Amino acid sequence: MDSSWLETRWARPFHLAFVFCLALGLLQAIKLYLRRQRLLRDLRAFPGPSTHWFYGHQKLIQDGKLEKLEELVEKYPRAFPFWVGPFQAFFYIYDPDYAKTFLSRTDPKSKYLCKFLVPCLGEGLLNLNGPKWFQHRRLITPVFNFNILRSYIKVMAHSVNIMLGKWEKICGTQDTLVEVFGHIRLMTLDTLMKCIFSQETNCQINRQDLRLFMGHDLLCNLFTVIVFAVTLVMGNYYSIPDQIIQDRKNSLKDEKKQCNTQKKYQDFLDIVLSAQGENGDSFSDTELRSEVNTFMVAGQDTMGGSISWLLYHLAQNPEHQERCREEIRSILGDGSSITWDQLGEMSYTTMCIKESLRLIPTALSISRELSKPITFPDGHSLPAGITVVLSIWGLHHNPAIWENPKVFDPLRFSQENANQRHSHSFLPFSAGPRNCIGQHFAMIKLKVTIALILLRFRLTPDPTRPLSLLPQVILKPKNGVHLYLKKLS
Ligand code: HEM
């Protein structure tokens, strides 16, 4: 009797729960089916590669092969839908007219990217949207004012010279094989630490200093640590001690009292903290920390890669390397001091930098979720809700825009040739309201670095180690960047 009583007593709720779950599952399945039908209908007008019903196009670029993307760009010269499974598709674009229409709007960042970025960085410029983003952008814009950037040239040159001192010790007078990416990444980190919070970490010489500053060991293994895993375990990836923010707030108050602003240069914290005092708008400490994290990450990986690709391209193309060196020597002499105006005179070197950023745009793509329908100049439309991905790689390798897109040819960026191209053919820093806020900083850093390196070293490639790229949100080298360096007498 007991057992049948138990059976009836428990069987009914289980039964009900089972039916409830089944109904929920069915509802979900219907929702997914309708979603697929809607996406198929919305994207019908755009041809694309054939797709597997379950994997979509994922197998197409399974190994992250960028060559495959280039083939697709050649076949579908404006755009194509990219299915990432049965129920989700992104719309890839790489045509300048499409890019212009897309970038003139203020659609929010794609939630897929934000899901990944927010836990790592906090809510900073890269992943904020709407009025909050606008407020942050307004408060931070003065950091990149030309007078401030001018004062950073010395700081940048100092970090590069520390790296070159290390290279001189490693190399002697023989051609010596060096993995340069690791050195460059530390050197850019050193510059950023100084420009963001005037912090001397000595990190290029002694990594222990960096560990002490950051309060944990992981930062020194950035090259290998998977950001997301770290985030799950540790919380914020980069965590500057709150003490630094508090100390700076206090010292700014004291400076105001004593009218004493005798610093050599104003760093990120100085500028942002004083800007927010002036107009009553302010960042909380958490917001400020998120912005510092954002700038460290947005600045370091992009710069480390871009400088390394430039060295690689110049090593591969010795005639261009020599022409840059001659130009730099004629402007800078021995490079003992570098000025803003001198950087402006380096026209051939600037063309090589741009060509390198074209061939390997460190930020592979940017994505947004359409908040309202979009109509492209050729009349094709997409409804709200679609995730559009502007493939900067696709745009920069699009044979409809660039003749022989794989060839390194700096003359593409002569004034005359650039004037004949569409304004949105070359977008390493994106464009429009959400363009890269650090782009002038980046260009100056690239020029200072390449100028000082070429004055002291000759670069030659190692044919046994061609560059292999790891296509993540930010492009990284798969196995480092190996070059022969020879000290110039
Ligand atoms: C060669 C180096 C760099 C490249 C190729 C690059 C590229 C880009 C691109 C393509 C975007 C647009 C991202 C999007 O819309 O999703 C962007 C945004 C941004 N970049 Fe850079 N960047 C570089 C250097 C820097 C540096 C040095 C900093 C800071 C020190 C920086 C800070 C940022 C920030 C904060 C944003 C977000 C801006 C906003 O949404 O308002 N970047 N960058």
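Student: Which residues in H7 meet Tyr152, Val155, Met156 and the other contact residues in H6?

Tutor: In this predicted model, the H6 side of the contact includes Tyr152, Val155, Met156, Trp167 and Ile170. Taken together, the residues of the contact of H6 with H7 divide into 12 nonpolar, 4 polar and 3 charged. On the H7 side, the residues that they meet are Val180, His183, Ile184, Met187, Asp190, Thr191, Lys194 and Cys195.

Student: Are H6 and H7 roughly parallel or roughly antiparallel to each other?

Tutor: Helix H6 covers residues 146-171 and helix H7 covers residues 180-197, and their axes lie 9 Å apart. The two helices pack at an angle of about 150 degrees, and H6 passes H7 in a right-handed crossing. Since angles over 145 degrees count as roughly antiparallel, H6 and H7 are therefore roughly antiparallel.

Student: Which helix gives the most residues to the shell around the ligand?

Tutor: Helix H5 (130-140), helix H12 (285-316), strand S4 (365-369) and helix H18 (439-456) each supply at least two residues of that shell. The residues of the shell divide into 15 nonpolar, 6 polar and 4 charged. With 6 residues, the element that gives the most to the shell is H12.

Student: How far is an oxygen atom of the ligand from an N or O atom in the side chain of Trp133?

Tutor: Of the 25 residues around the ligand, those that come nearest are Lys109, Trp133, Arg137, Arg368 and Cys436. For Arg368, an N or O atom in the side chain is 2.8 Å from an oxygen atom of the ligand, while a polar backbone atom of Leu125 is 3.4 Å from a ligand oxygen. For the side chain of Trp133, the distance is 2.8 Å.

Terms used: Residues numbered from 1 in each chain as written. Predicted model: local features only at pLDDT ≥ 70, side-chain atom pairs only at ≥ 80, totals over all residues. Heavy atoms only, no water. Axes fitted to C-alpha atoms, helices over the stretch in contact; angles between N-to-C directions. Helix = DSSP H or I, 4+ residues; strand = E, 2+ residues; numbered from the N terminus. Parallel < 35°, antiparallel > 145°, perpendicular 65-115°, else oblique. Left-handed = near helix turned anticlockwise from the far one by under 90°. Contact = heavy atoms within 4.5 Å. Nonpolar A, V, L, I, M, F, W, Y, C, P; charged D, E, K, R; others polar. Near = heavy atom within 4 Å. Polar contact = N/O pair within 3.5 Å; in protein donor to acceptor, adjacent residues only side chain to side chain.
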